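Here is a structure to look through. Some labels used for it deserve a check against their definitions.

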Amino acid sequence: MRSFINYLTAWLRSISRPALIITIIFVAALVATNYTLGIERRLRALPWHFSIAGFFAFYSVVLALVWGLQYEWHKTPVRQPKLLLLLGLAPLYFALKMVHWDLLALLPAALHYPWDLYTQLVLQLPLKLVLLIGFCWVLYRWGVFSGDGFGVAVGLTRKNFSALPYFGLLACTLPLIALASTQHGFLLVYPKRKNLAYLHEYAHPVWPGRLSYEISYGLDFLGIELFFRGLLVVAVVRYVGQDAILPMAAFYCTIHFGKPLGECISSFFGGVILGVLAARTRTILGGLIVHLGLAWLMELGGWIGSGLLHFQ
């Protein structure tokens, strides 16, 4: 854990203070605007093709502005063609991820309600992960980023990895999750498995369906770590060093706009911490431990909190 603190203090000493302060103000303004006017909600409500275009434009503007701050205050060389290609295509992938994929027409005709809806729900996130891996692989083959193999290039490596400090970091979040589990806004969102409520009268026992859903839900966090800490930090460090962290954290915060306010705010600072660790260790496995652990702990907290609420 001491090494983690050293990494963070070293990053704070090296980062441009004006860029950091202005980025925080910019992100705070975005968060305030979203929770007042509903940026994410309005974009999701559009027809799917306009929704993709809207998310792509929004994410592109956020990345461009925060990268502009890095250049203005730290003279970060962001004009390299391969780096620009990566930063231009990254918002497109996440825009595609944000919309609902209607898979019903692709499922067997013999699959009827509720199993058609359940299958579509459980397949969504794994298929989006497959798309991300394909996207990263194409960029790797084009030479946009490199390493000693594809896995190393995006941080999927055990080199420089020690699991214990990350479990310690995860343990530090337990009081916050316990507190959040008592909040109405949190319980409106968690546990996510409440999305399976329609399945209860059809599935006996219901636990296999819940387990499959939680595994699918967990795979999404592999995708999140691969995209934000793998693609936008580990793969970009070779171009700009640790200046990759702030743009990633700002982008990462915006994908939490549909979550409870506290979770959204903390995502920026969590993104910075995980970004610093990924930049220094060049692995995303620790971030995956923290992120996946948080996800399932919030599921557990939501389940316990909802149970206590009903009991009262």
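**The cavity and a serine**

In this predicted model, the largest cavity is lined by Tyr 166, Glu 225, Arg 229, Leu 274, Leu 277, Ala 278, Thr 281, Thr 283, Ile 284 and Gly 287.

Q: What makes these residues lining residues of the largest cavity?
A: A lining residue has an atom within 4 Å of a cavity point. Tyr 166 and Gly 287 are among the residues that line the largest cavity, so each has such an atom.

Q: How many cavities of 30 Å³ or more are there?
A: The count is one. The largest cavity holds about 50 Å³ of space.

Q: Which helix gives the largest share of the lining?
A: Helix α13, with four residues. Both α11 (207–240) and α13 supply at least two each.

Q: What is the make-up of the lining by class?
A: Five residues are nonpolar, three polar and two charged. Glu 225 and Arg 229 are in the lining, and Glu and Arg count as charged.

Q: Why is Ser 267 called buried?
A: Its relative accessible area is 6%. Buried means under 20%, so Ser 267 qualifies. Ser 267 sits in helix α13, residues 261–281.

Q: Which residues does Ser 267 touch, beyond those up to four places away in sequence?
A: Tyr 252, Cys 253 and His 256. Contact means heavy atoms within 4.5 Å.

Q: What makes the pair Ser 267 and Cys 264 a polar contact?
A: A polar atom of the Ser 267 side chain lies 2.5 Å from the backbone oxygen of Cys 264.

Terms used: Residues are numbered from 1 along each chain as its sequence is written. This is a predicted model: local features need pLDDT of at least 70, side-chain atom pairs count only at pLDDT 80 or more; totals for chains, interfaces and linings use all residues. Side-chain values use heavy atoms; hydrogens and water are left out. Buried means under 20% relative accessible area, exposed over 50%, partly exposed in between (1.4 Å probe, protein chains only). A polar contact is a pair of N or O atoms within 3.5 Å; within protein, one must be able to donate a hydrogen and the other to accept it, and residues adjacent in sequence count only if both atoms are side-chain atoms. On a 1 Å grid over the protein atoms alone, a cavity is a set of points where a 1.4 Å probe fits but cannot get out, and a pocket is an open set with protein on both sides within 12 Å along at least five of seven lines; lining residues have an atom within 4 Å of a point. Grid points are joined across faces, edges and corners, and a volume is the space filled by probe spheres set on the points.
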